[in-house]
Amino acid sequence: MAASEESLRKALAVKLSAVEAHGNAVRALKAAKASKPEIDAAIEALNNLKLEKSSIEKQLQAAVSGGDGDGALSREAFRQAAVNTLERRLFYIPSFKIYRGVAGLYDYGPPGCAVKSNVLAFWRQHFVLEENMLEVDCPCVTPEVVLKASGHVEKFTDLMVKDEKTGTCYRADHLLKDFCNEKLQKDLTISAEKAAELKHVLATLDDLSAEALGAKIKEYGITAPDTKNPLSDPYPFNLMFQTSIGPSGLSPGYMRPETAQGIFVNFKDLYYYNGNKLPFAAAQIGQAFRNEISPRQGLLRVREFTLAEIEHFVDPEDKSHPKYFEVAGLEFLMFPREEQMSGQSAKKICLGDAVSKGIVNNETLGYFIGRVYLFLTRLGIDKDRLRFRQHLANEMAHYAADCWDAEIECSYGWIECVGIADRSAYDLRAHSEKSGVPLVAAEKFSEPREVEKLVIAPVKKELGLAFKGNQKNVVEALEAMNEKEALEMKAALESKGEVEFYVCTLGKNVPIKKNMVSISKEKKKEHQRVFTPSVIEPSFGIGRIIYCLFEHSFYTRPSKAGDEQLNVFRFPPLVAPIKCTVFPLVQNQQYEDVAKVISKSLTAAGISHKIDITGTSIGKRYARTDELGVPFAITVDSTKDVTIRERDSKLQVRVSVEEAASVVKSVTDGHRTWEDVWEKFPHHTSGSADD
């Protein structure tokens with residue numbers, strides 16, 4: 001817990017005790033019929049204490065909410081204003097609305113579709129084209145055998161609890177998280193020690209077993225939010241939508257929970273297509289499906305969503321990147337695990353320093369962290385509300401070498417929007433074993449080499465007798481040992497005959513005897529080195545990025561008369577749903593003809609635009625399009641020259657009819673800035689720009 005918050009909680013506890021003591025003293029004076037001046041003095045002292053208590057409460061509220069004392073309230077009010085505008089202007093709406101909707105499903109309307117299309121187009125440009133990635137498009141329906149190999153059938157679960165009377169289901173960790181946050185943000189009377197305990201629960205939430213989670217829910221007296229009924233013990237629920245392929249029902253399948261598996265199972269063909277060369281990356285944009293237990297938070301947690309995923313295949317012995325130097329100088333908020341564990345905050349770190357000091361595992365992982373930072377900030381994400389948080393040890397998959405999440409702060413707190421993981425060789429090995437098809441790469445030697453190879457040969461018969469259903473976990477863990485671990489085990493087995501061996505997938509030590517595994521080194525000549533590539537995986541939740549972009553772009557400003565607040569989305573031209581509007585100043589056939597000429601020029605230049613020839617005042621038309629985030633408006637008030645207005649500054653320049661489309665295109669394409677336009681063209685002042 002931050003020192004200031006801890007000291008404020010302690011100060012508030014002292015002040016509450018003082019207020020209570022002075023209140024009792026005032027009551028005692030009144031009961032004893034003390035003199036009026038004496039009672040008045042005591043009451044004045046009590047009121048001063050109450051004012052001091054109120055001041056500390058405001059400071060504490062600001063500390064816990066990150067706001068100005070009314071932070072939590074203002075966040076909710078801001079979110080409500082933004083969401084109301086988004087739904088009213090049809091950026092997105094609940095699906096099947098006329099049938100009361102279905103939780104966790106949303107439709108994108110025309111402006112929402114345009115924003116999403118622009119984000120994905122920029123993603124393709126920024127990643128697929130820039131890195132010469134191989135793009136694929138795989139089916140959403142996936143056979144069960146594929147998802148068994150990947151571990152999703154067995155492990156893709158969340159812990160669920162049920163209302164014992166109504167049967168309504170809730171996600172257990174969300175209930176505990178909500179309880180802790182509510183206490184920390186709204187119950188200012190809890191002690192500093194209790195606050196530290198609640199923060200520790202939040203920090204270790206992902207590491208809690210079903211039993212530990214259930215114990216915490218009982219300890220804190222958490223009940224069903226809607227009915228206050230008691231809850232069941234937590235139990236796992238698989239999040240995949242199950243289906244069957246074909247009419248017989250004999251071929252089980254699932255709607256894919258991620259797009260990555262389609263790339264992994266195609267590795268052999270993609271490697272051949274790439275000329276049998278590493279490194280290379282494959283990419284896919286597509287729908288994924290997760291049967292969320294209790295979807296909430298709008299677009300942030302839904303049951304069908306768009307993922308954009310990259311699988312960058314690299315030699316595990318060489319994770320350098322030829323373009324790493326392009327991003328090494330970037331400096332941005334990073335939150336390494338050491339800082340998280342010691343209760344510190346994210347701080348600005350130079351990416352090159354993070355890689356050289358080993359905070360980030362390797363150059364390729366660092367390169368993609370840098371590229372993700374550039375992608376998000378160019379979309380319009382506020383760089384001061386973007387951080388890269390390293391997974392804690394309890395969050396890391398057993399096979400992962402390192403993992404970072406790009407988290408964006410919005411009214412719901414810090415939201416994971418991109419995961420950037422070094423998944424080692426786990427996925428390709430899992431599919432190789434299950435399918436029997438080797439998913440490997442080869443490095444050919446110019447001259448044959450004599451190499452000494454470590455051979456780890458688990459004796460499956462003995463392991464099966466000893467561990468039965470857990471045999472596979474033990475075999476995988478033995479085969480995954482590095483050379484140092486294996487040689488240490490070999491020495492221990494030879495001297496003692498038995499050794500304790502930790503199997504991470506079982507979460508415990510198991511006894512390994514000498515007859516259960518053979519470990520040796522063999523010398524042989526090789527013409528090539530055959531290996532399973534490692535995978536660096538950046539995975540983008542497009543809906544989450546778009547929602548955070550909506551919030552980061554939304555603001556209000558007073559109307560010219562000052563009698564109302566006007567809503568504005570400050571989308572960069574790159575992602576704006578409509579780049580430009582064309583307004584004849586008044587209903588006039590000549591002006592309308594000019595507007596049509598400009599419209600044709602904009603269409604030819606590939607600029608999305610909208611003509612508004614209604615008789616509404618120009619100020620109202622500006623306000624309408626500001627609310628859609630349109631960056632530029634061309635107002636036709638003569639047959640030779642027109643004005644171009646920029647949305648956020650409301651500044652206007654005068655350009656010829658012939659130049660209008662090319663000026664807008666140059667700014668929307670990023671070839672020049674509005675500042676460049678402002679310097680080059682004559683300025684235009686008009687009261688209507690402020691309406």
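Which residues form one aromatic cluster? F78, F91, Y92, Y106, F550, F554, F569 and F571 do. Good morning. The model I present is a predicted one, in which local features need pLDDT of at least 70 and side-chain atom pairs count only at pLDDT 80 or more, while totals for chains, interfaces and linings use all residues. Residues are numbered from 1 along each chain as its sequence is written, and side-chain values use heavy atoms, with hydrogens and water left out.

Let me stay with the aromatic rings. A search of the whole structure finds 28 aromatic pairs; rings of Phe, Tyr and Trp (its six-membered ring) pair if their centres lie within 6.5 Å. Y412 and Y547 have ring centres 6.1 Å apart and planes at 50 degrees, so this pair is tilted, since planes under 30 degrees apart count as stacked, over 60 as edge-to-face and the rest as tilted. Y412 lies in the loop between strand 15 (402-410) and strand 16 (413-422), and Y547 in helix 19 (residues 542-553), 135 residues apart. Helices (H or I, at least four residues) and strands (E, at least two) are DSSP runs, numbered from the N terminus. Y412 counts as partly exposed at 27% relative accessibility, whereas Y547 counts as buried at 1%. Buried means under 20% relative accessible area, exposed over 50%, and partly exposed in between, with a 1.4 Å probe and protein chains only.

Is E450 buried or exposed? With a relative accessible area of 57%, E450 is exposed. Leaving aside residues up to four places away in sequence, E450 touches K523, K524 and K525, where contact means heavy atoms within 4.5 Å. The C-alpha atoms of E450 and K523 are 6.6 Å apart, although 73 residues separate them along the chain.

Finally, consider a sheet and its helices. Six strands form an open sheet of mixed pairing, in the order 25-24-26-27-28-29; two strands pair if DSSP finds at least two bridges between them. Strand 24 (residues 580-584) pairs with strand 25 in the parallel sense over 3 bridges, and K610 in strand 25 is the bridge partner of T581.

Which residues of helix 20 meet helix 22? V594, I598, S601 and L602 in helix 20 meet V657, A661 and V664 in helix 22. Thank you for your attention.
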